[in-house]
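Have the viewer open as you read.

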Amino acid sequence: MDKPSFAERFRYWFDNWMSRGTIALMALLGIATVLLVAVVGGITVLVLWLIPDKYNQFGDDFTPWDVFWGGLMRTLDPGTMGGDQGWLFRLLMLIITIGGLIIVASLIGIVSGAFDSKVEELRKGRSRVLEKDYTLILGWSSKVFPIISEIVIANESRSRPVIVVLADKDKVEMEDEIKAEVGPTGKTRVICRTGDPMNLTDLDIANPNEARSIILVAPEGSPDPDADIIKSALALTNNPRRRAEPYHIVGELEHPGNLEAASLVGGREAHWVLSDELIGRITVQSCRQSGLSVVYSELLDFDGDEIYFTEQPGLYGRTYFETQLAFASCAVMGMVKGGEVMLNPSDDAVYEAGDQLIVIAEDDSVIAVSAPGTPDDSAVSTSKANAPRPERTLVLGYNSGLAAMLRELDEYVAPGSMVALVADVEEPTLPRLDNLTVEFTRGDATSRQLLDHIDVASFDHIIVLAYKELLDTQRADGKTLITLLQLRDIEEKTGVDLNIVSEMLDDRNRELAEVTNADDFIVSDKLISLMLSQVSENKRLTEVFDQLFSSAGSEIYLQPADLYVADGATVDFYTVLEAARRRGETAIGYRIQEFAHSSEKGYGVVVNPKKSESTRFSANDKIIVLAEG
């Protein structure tokens, strides 16, 4: 092979030098400037020595250094040559000025390009987060907006709070969407970064080692969201650059079958929310006891009453029921005894040193013991609940959560109950059920002819499901809304009171759907987001929610008020507590049926009422209790 020529060597060196970046280019321009000034300046000095003194532009004390300095100034400012004399001198200065123009123009271009490149890099959100003690959200979907809204409320008592979002999405787009959907975030600063949460290098941008809690959100449009969530957890827990202290990770899983793998990856550092089971459970319970989703929303969001753990040494030695009577503005729902969470324990369980009370309160600052109230025993009802009977449930629509919902419903209904499933899909494979039989009909539930044919008025409960896997959010909610309007018209024309529970995907569509007078709306994404937010702020709540959303142990029920107090009686909540105690339950609120369809009145639901305030209850009202099913 021929040896490279000088020109090839120079070109190779020049290419390598140019690839080194902005600083190398600026250095090369500096060298070119020095060479230009030196060469032309040297010629000028020689000319000035040979030409008579009348052509000397620098005065009697002229030195060669003045020539070089003047030449350098001319490279930076062409106007400097305006007063030169002598055509030979002018020609030499013109050469140095033209060279200077080229060099300065190149320098401006390089600096401008470097600045634009840096701005573009910052726009892409690739700089490392340096904050500490913040909430980190990994991934992007519509759930991010309610999560941020809730954390902003929870951060009101913190100093300089921060939320960091890392997702495979343009930084500016994320910021614009958050601003549009969430609005002002108060003193909480939201920082967005672009990167793949499953990539170790990108994950370092979010600096998870300094995060207080980490929320894993499945990316929108993912064909296998659970796999993405598990990979993100794996990138955190098995990162060679991870911190020694345990993380506090909260993530959502759609399918219970993936829980085992997720638990292996996350260990004790991760807490998992099973979305299909959670929504199925709330949907089933709400169809059988309207208003339950409102109760859960009240307990799960930060804007209102939440669940707290508290120690009250002044109550040591008191029974569980006595602790309930000792709070005027808080509702006791359980205790932590020996490290174990106990919801609705026996009324004579003793609260001792080392135990904690689990209370519902507006804020932890208002948790205070007061003088115990006195129940009115004469107003306590002695009515008994009716024996369970087979139930008929109509399900309109289909999504992947149907199987979990049917399994949940099967645990509550009496043998001989049935479900009529009407959906515009191929007949799905359904789980084996003990107490339920399922009859499938393919059809469009928005069709009035179909609804009239199946005689919707003959069913005890009606559930309208969103086609969330088959349609986009707005189309799915639109289909649900049309179905609800048809059901409302049937209700008005037949005079039959239909018990309707509907699943909505976008909370904004809930306001539109309220004109249908459905008994309850399950906004699935919002409830999941609230759950993730709560657990991210207090991991002890995982144990509470595990019991509330499990078929074992005590759960939340809305029971007829006449089982607790006499129909039409006006009583304070101390009396309701006593009535619930006699049934082995814990009362935490009530629902007034008159306001069941009013969003301004909280759909009639009052959680943690002031115990001294009197309320008149009718047989249609409900008492919200913790009880074993």
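Predicted model: local features only at pLDDT ≥ 70, side-chain atom pairs only at ≥ 80, totals over all residues.

Q: Why is R160 called exposed?
A: The label exposed needs over 50% relative accessible area. R160 has 76% relative accessibility, and therefore counts as exposed. R160 is found in the loop between α5 (144–154) and β2. Its phi is near 50 degrees, a positive value in a residue other than glycine.

Q: N207 also sits in a loop; is N207 buried or exposed, and why?
A: Buried means under 20% relative accessible area. At 7% relative accessibility, N207 therefore counts as buried. The loop in question is the one between α7 (200–206) and β4 (211–216). N207 is not a glycine, yet N207 has a positive phi of about 50 degrees.

Q: Why is D276 called buried, and what does D276 touch?
A: The value for D276 is 7% relative accessibility, so D276 counts as buried. D276 has its place in helix α10 (residues 275–288). Not counting residues up to four places away in sequence, D276 touches L253, E254, H255, S400, G401, A404 and K468. A404 is 128 residues from D276 along the chain, but their C-alpha atoms are separated by 6.6 Å.

Q: What makes strand β8 largely enclosed by the rest of the structure?
A: Of the 7 residues of strand β8 (residues 331–337), 6 are buried, so β8 is largely enclosed by the rest of the structure.

Q: How do you know that β8 pairs with β9 and with β10?
A: Again, at least two bridges are required. β8 is joined to β10 by 5 bridges, and these strands run antiparallel. Here M335 stands opposite L357 in β10. Another 4 bridges join β8 to strand β9 (residues 340–343), also antiparallel. In β9, L343 is the bridge partner of G334. β8 and β9 form a hairpin with 2 residues between them, and in the turn G338 has a positive phi of about 60 degrees.

Q: Why does Q356 count as buried?
A: The cut-off for buried is under 20%. Q356 has 18% relative accessibility, so Q356 counts as buried. Q356 is found in strand β10 (residues 356–361). Leaving out residues up to four places away in sequence, Q356 touches F309, T310, E311, G334, M335, V336, Y351 and R540.

Q: Which residues have the most contacts inside the largest nonpolar core?
A: They are M333 and I556, in a core of 97 residues. Leaving aside its neighbours within four places in sequence, M333 is in contact with residues including I307, Y320, I358, V544, L548 and L626. Another core, of 27 residues, lies apart from the largest one; V129, I191, I214 and I249 are among its members.

Q: How does the span of helix α15 compare with the one expected?
A: Helix α15 (residues 473–494) has 22 residues and reaches 32 Å from its first C-alpha to its last, close to the 32 Å expected at 1.5 Å a residue. Its buried residues include A476, T480, L487 and I490.

Q: What caps the N-terminal end of α15, and what follows the helix?
A: The cap is D472, with a side-chain oxygen 3.2 Å from the backbone nitrogen of Q474. α15 is followed by G495, which has a positive phi, near 75 degrees.

Key: Residues numbered from 1 in each chain as written. Heavy atoms only, no water. Core = buried A, V, L, I, M, F, W, Y, C linked by side-chain atoms within 4.5 Å. Buried < 20%, exposed > 50% of the residue type's maximum accessible area, 1.4 Å probe, protein only. Contact = heavy atoms within 4.5 Å. Expected span 1.5 Å × (residues − 1). Polar contact = N/O pair within 3.5 Å; in protein donor to acceptor, adjacent residues only side chain to side chain.
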